[in-house]
Every structure is written in C-alpha cells, then in structure tokens.
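Student: I would like to go through this model by question and answer, with the cut-offs stated.

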Amino acid sequence: ESCSEQKLQWFLQYRLLLQLIDQYRYDLFSEEMEMVPFPLLPTPIESSYRACTIPYRFPSDNPKIATLTELSWINVFANSIPSFKKRAETDTTVPDAPARAEKFAERYAGILQDWKKDPESHGGPPDGISLGRVREQMLRELGFRDIFKKVKDEENAKAISLFPEVVSLNDAIEDEGKRLENLVRGIFAGNVFDLGSAQLAEVFSRDGISFLATSQNLVPRPWVIDDLENFQAKWINKSWKKAVIFVDNSGADIVLGILPFAREMLRRGMQVVLAANELPAINDVTYTELTEILSQLKDENGQLMGVDTSKLLIANSGNDLAVIDLSRVSQELADLSSDADLVIIEGMGRGIETNLYAQFKCDSLKIGMVKHLEVAEFLGGRLYDCVFKYTEVES
C-alpha cells in the first residue's frame, strides 16, 4: 500500500512538472517569439489589410449597445461552451479537471454576457478574433493546454491508415483537371472535421464522419464562391514555384485533404511550405503534431507515396487561435514565405471568417467549408456550402 501511495505521488509530481513545462513554453511563446507582418501582404498593412471578414459593427453604431451581428456571434461562441466543457472535464492531464471545466464554463459565459450588456467591456467590442482569444486564454489559465488532444490523436491515426487508399484513388485519375477537382473535394471533405462548430461537434460525437462519403456528397456546384474552373486552367497552364499553405484541422483535414494536395504540388516540382499553429486551438493541427504525422507517412527514403519530399517544409506560424491575423506571424514563417508565388489559406476560421478578402502580392487561394449558419447568411450561401476563391495577380 505504501508503495502504491509513493507511485501515486510520483505520478502527480510528474504531471505537475509537465504542466509547468507547458506553462513555461506558453509564457516563452507569448513574450519572446518575434512576430512580424506576413511579407506577402501589400503595404502599408494598417490601411490595406483587415483580418476579420465579417464586420460586427460600423462607426455609426452606438458603442454602448451590442449590434445584432455581435449578439449573433456571441451566441455562436456561447453555444460551443457545453462541448468545450465536456472535453475539458475528461482531460486526464489536469488535476480536478471537472471543477476547473465548470469554472471555465462559468467565467467564459460571464464574459460573453458582459459583452452583450456593454460591448466596450473586456477591452472593446468583440470580433471573431477576440471571442476566440478569450476562450483559449481562459482554458490555458485554468491549466487546460489541449483539451482536444485525445480526439486529435485518434483521428490522425484513422486518417493515416486511409492515406494510401486516398492517394491511390487520386493518382488513378489520368485527366489533370479532374484529378485536381478530386483533390479539392478531398480538402472540403476533410475540413468537415471541425469541433469548433457546436452542430458538427455533436454529429461527430454521435455518428463520426466518413471522409470518402463526404467527398462524394458535397453540396452541388456552383458553390457560394466557385473559382475552381479558373484555377484549373491556371493549374494546367501556369507553373508556380513555391506555395505557402496555412493548414487547419487535424485528422482527415490535414492527412487526407491537404497532404495529398501538397504531394501533387511536389510532383509538379513546386516547393511547399505548410504553416501550422504553435499552440493548440480546438482540433487544429499544431506544428509539433504535423511534424509527427509526416514522419509516420514518409517511407524509409523520405518519400510520400513515391514522391520526394525534399521540397516540403513545415513552418511554425506563431499562431495560437483557430483564426489568424496575418499582421502577426512568426519570423520563421516570414523568412520561408518571402519568395512564394502562391498563398493558400485553408479552413473556415483562417480562410473565410478571417482573410477571405485579404489581398496579397502574389496569387492566392482561400478554400474552406461553411459550417456556421451566420457565415452562410453573410455570404448568401448554404450551410456546408464551399468557398473556393482564387485571385490572380498580374506579373
């Protein structure tokens, strides 16, 4: 019995040590990582770039009264609290997880109510960035570093087992334009795995999500923004040298959606930079996780299903949210991106809710599935509609 108690004490001390290390990494990230503007944004950035796509309010709105758009989006984040609380309660890496999860739910709900009563509370009117930032910061302050870690690991393992089949099906399509469309449909199908959507989180928890079935059952074209045919023509006739891809979710999204697409680019002789989060946010893949995924997918010769990966780079974007403000990225990513001639931003958070209308010095592609009714209404499309926005810059 004494031996068992001693082992328990050692385990608790070890877990505490891991938490202290995680907190140290977060503090180091927050205070010391050099953040700079993404170099492919036009300048001056202050007047030419706005991260958030949907305007929550206008200058003519009363600063003391929440707008209808603000109220709608506060409710979106409020509706996600139960699923976040449930994940937090079962986080075995955090002592007293249920009590801390309850505290998170109460505190975050309280802040959202404050914003409804007074938009200027908590640092000013809320937007798509601040609503997510407060949620993530509150989780970290309560000791929750990555409440979706378990489900991410499970979904990554499933997706890795399906990777050869998905790639083989793509490779079997001889027509270059049709193969590209199949790859694009794979990105949309993978992007469904989004636990930041309360509705999808419930579906996933109850039924799971089938990648191959989803790719065949996307909403019919034309999508709400559909530049696929234009991009197909450029894909066949134009040669880009280097692409930077801002990636989104773990599981099918990164493994079965983005990586087959990136592999096809490598086959065409392009250099590809995959930019992933520094810190966890919802079920988004992190830089560390993406490195591990690729190490499992590559063979002993460093190839990805027969394709050389020497031109494939993984970059730490410096981001810690499910959306991204490109006026602040890591110096590492900035250095790797400066000579790119194609920027791809994937996912609803990074490519639709933020950056949909962002302009770049080079060609750009925003691609993602619409998983919030509020976004569908703003765009004039359908729930689970698709966005494929291609912008070409004259050379």
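Predicted model: local features only at pLDDT ≥ 70, side-chain atom pairs only at ≥ 80, totals over all residues.

Tutor: Residues are numbered from 1 along each chain as its sequence is written, and side-chain values use heavy atoms, with hydrogens and water left out.

Student: What percentage of the residues of the protein chain count as buried?

Tutor: Buried means under 20% relative accessible area, exposed means over 50%, and partly exposed is in between, with a 1.4 Å probe and protein chains only. The protein chain has 395 residues, and the share of them that count as buried is 51%.

Student: How many helices and strands does the secondary structure of the protein chain come to?

Tutor: Helices (H or I, at least four residues) and strands (E, at least two) are DSSP runs, numbered from the N terminus. On that basis the protein chain has 16 helices and eleven strands.

Student: How far apart are the end C-alpha atoms of helix α3?

Tutor: The expected span of a helix is 1.5 Å times one less than its number of residues. Helix α3 (residues 68–79) has twelve residues, so it should span 16 Å, and the distance between its end C-alpha atoms agrees at 16 Å.

Student: Which residues of α3 are exposed on the face turned away from its buried side?

Tutor: Glu70, Trp73, Ile74, Val76 and Phe77 are the buried residues of α3. They lie on the same side of α3 because they cover an arc of only 150 degrees around the axis, the arc being that of the directions from the helix axis to the C-beta atoms. These buried residues pack against α4 (81–89), α5 (97–117), α6 (128–141), α15 (348–353) and α16 (373–379). The face turned away carries the exposed residues Leu68 and Asn79.

Student: Which residues are exposed on the other side of α4?

Tutor: In α4 the buried residues are Ile81, Phe84 and Ala88. Their arc around the axis is only 70 degrees, which puts them on the same side of α4. The cover over these buried residues includes α3, α5 and α6. On the other side of α4, the exposed residues are Pro82 and Lys86.

Student: Which helices do the buried residues of α5 pack against?

Tutor: With 21 residues, α5 reaches 30 Å from its first C-alpha to its last, close to the expected 30 Å. Its buried residues are Ala97, Ala101, Phe104, Ala105, Tyr108, Ile111, Leu112 and Trp115. They cover an arc of only 140 degrees around the axis and are therefore on the same side of α5. The helices they pack against are α3, α4 and α6.

Student: How many residues in the lining of the largest cavity are charged?

Tutor: On a 1 Å grid over the protein atoms alone, a cavity is a set of points where a 1.4 Å probe fits but cannot get out, and lining residues have an atom within 4 Å of a point. The largest cavity holds about 70 Å³ of space, and its lining includes Glu136, Arg140, Phe148 and Ile282. Ala, Val, Leu, Ile, Met, Phe, Trp, Tyr, Cys and Pro count as nonpolar, Asp, Glu, Lys and Arg as charged, and the others, Gly among them, as polar. The lining divides into seven nonpolar residues, no polar ones, and, as charged residues, four.

Student: Is isoleucine 282 buried or exposed?

Tutor: Isoleucine 282 is in the loop between β4 (271–276) and α13 (287–297). Its phi is near 50 degrees, a positive value in a residue other than glycine. With a relative accessible area of 8%, isoleucine 282 is buried.

Student: Is aspartate 96 buried or exposed?

Tutor: Aspartate 96 lies in the loop between α4 and α5. Although not a glycine, aspartate 96 has a positive phi of about 55 degrees. At 57% relative accessibility, aspartate 96 counts as exposed.

Student: What is the omega of the peptide bond from arginine 221 to proline 222?

Tutor: Most peptide bonds are trans. Proline 222 is found in the loop between α10 (211–216) and β2 (225–226). The bond from arginine 221 to proline 222 is cis, with omega near 5 degrees.

Terms used:
Contact = heavy atoms within 4.5 Å. 1 Å grid on protein atoms, 1.4 Å probe; cavity = no way out; pocket = protein on both sides within 12 Å on 5 of 7 lines; lining within 4 Å. Points joined across faces, edges and corners; volume = space filled by probe spheres on them.
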